[in-house]
Amino acid sequence: MNAEYVYGQDLLIAYLDLCGTKYAYSELELGQQIKRISLVVRRVLECLDNAFGESKNSLYVHMYADSLVIAEKEKKIIENSTDKFLKLMLDIQYGILIDSETLAHRVEVDNPTIEPPFMPVLSRALIKRGEYYGIITSEFQNDIDNLFSNFSLVGGDSIVNMDDTLQGLPMGTYINNSIISELHIGKDRFVDVDGGQLKFIKPPEGFDFLRSMFSTDVNNRPEDIDVWCRRLIESTEDNAYFKSKIIPWLDAIQGRRDLIARRVHLKRVHLKRVH
C-alpha cells in the first residue's frame, strides 16, 4: 500500500460541513442519500478543477462523513492561495445548493413541482491557518473492483476547532480574521460575525445570474434569488430548521444584514414518511 502524509503547524485549511446530515440519514431513503452525497462529490471535483487546474496537485483533499477538508501542502505558496480557497468554498457551497434541486424536482413543461421529503443541501465553510495532518493511502492494484479499503485520515487541533467554530452559524463561507489581509477583495464583501473571530464573505456580484436566467421554475425567468429561496423553504418538510440556516445567508449576501448571529440549537421536528 502507498501512503502519503502532510502535516504542519501553520497550514492553510478549508473546512466545509454539510447541514442537515442527521435529517438526511434518518428521513431520506438510502438511494436519496447516495444521490445527495454523489452530487456533492461531483461538484467538489468540478470546482477544484476550475479553481486550481493542474495546481490542484499541491492540495490534500479529504472527504469523510459530512465534512470536506482541503489543505495546501506547499508552504511557499500558502499566502497566495487564500483567494483561491475562498473562491473554491463559495463555488462549492452555492453549486451544491443549486444541484440539490435535482434531488426533488419532477420538471414538466408548465408545472415544475417538488415532492417531499426534500432537504436542499446547505453547508458552512471556514478558511483559516492551523495545525493539521492528513494521510492518503492507495492500494497497489488499479482495478477498483478489487479494492476493499478506503482510508482518508485527518487530524489536528484545527479540525476540532473549526467544527466547533461553525456550530450555531447559518449557511455561509467564513474566514478567520487572522488571514483577512491575505485576501484581495473589497471590504464591502465582509460581514461581521458574532464573537469577533470571523468574517462572513459575500459571493461576488452577479454570482446568481445563470441560476436566475435558467431557473427550474420556467414560468418565472429570471427568478429573483429571494423568490427562489422562498420556494425552497416552502418545499421542505423542515421549514423552521431550513429557514434558520438559509435566511441569514440570503439577507447577508444582499446587504440586509450587517451581523451574523450564532443561534442556539434548534430542535428539528421529524415528520414520519408514509410509505
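The model is predicted, so local features need pLDDT of at least 70 and side-chain atom pairs count only at pLDDT 80 or more, while totals for chains, interfaces and linings use all residues. Residues are numbered from 1 along each chain as its sequence is written, and side-chain values use heavy atoms, with hydrogens and water left out. Helices (DSSP runs of H or I, at least four residues) and strands (runs of E, at least two) are numbered from the N terminus. Buried stands for under 20% relative accessible area, exposed for over 50%, and partly exposed for values in between (1.4 Å probe, protein chains only).

**Aromatic pairs**

- A pair of aromatic rings is described by the distance of the centres and the angle of the planes.
- Rings of Phe, Tyr and Trp (its six-membered ring) pair if their centres lie within 6.5 Å; planes under 30 degrees apart are stacked, over 60 edge-to-face, and the rest tilted.
- By this rule the count comes to 3 aromatic pairs.
- In one of them, phenylalanine 52 and phenylalanine 85 have ring centres 5.8 Å apart and planes at 80°, so this pair is edge-to-face.
- Because phenylalanine 52 sits in helix 2 (residues 30-52) and phenylalanine 85 in helix 3 (residues 82-99), the pair ties together parts that are 33 residues apart in sequence.
- Both phenylalanine 52 and phenylalanine 85 are buried.
- Tyrosine 174 and phenylalanine 200 also form an edge-to-face pair, with 5.6 Å from centre to centre and 80° between the planes.
- That pair links distant parts of the chain, 26 residues apart: tyrosine 174 belongs to strand 8 (residues 172-176) and phenylalanine 200 to strand 10 (residues 198-201).
- Tyrosine 174 is buried at a relative accessible area of 0%, and phenylalanine 200 is buried at 0% too.

**Helix 3**

- Helix 3 is mostly covered, with 13 of its 18 residues buried.

**Salt bridges**

- The structure holds 15 salt bridges, each being a side-chain nitrogen of Lys or Arg within 4 Å of a carboxyl oxygen of Asp or Glu.
- Aspartate 91 and lysine 87 meet in one of them at 2.8 Å, N to O; being 4 residues apart in helix 3, they are separated by about one helical turn.
- Both ends are partly exposed: aspartate 91 has a relative accessible area of 28%, and lysine 87 has 43%.
- Lysine 199 and aspartate 192 form a salt bridge at 3.3 Å, N to O; lysine 199 is buried at 18%, whereas aspartate 192 is partly exposed at 40%.
- Aspartate 208 and arginine 211 meet at 2.6 Å, N to O, with aspartate 208 buried at 11% and arginine 211 buried at 7%.
- A network of salt bridges links Glu101, Asp208, Arg211, Glu223 and Arg231.

**Threonine 165**

- Threonine 165 is found in helix 4 (residues 157-166) and is buried, with a relative accessible area of 10%.
- The threonine 165 side chain reaches the backbone oxygen of asparagine 161 at 2.7 Å.
- Leaving aside residues up to four places away in sequence, threonine 165 touches Leu126, Leu198 and Arg262, where contact means heavy atoms within 4.5 Å.

Key:
Polar contact = N/O pair within 3.5 Å; in protein donor to acceptor, adjacent residues only side chain to side chain.
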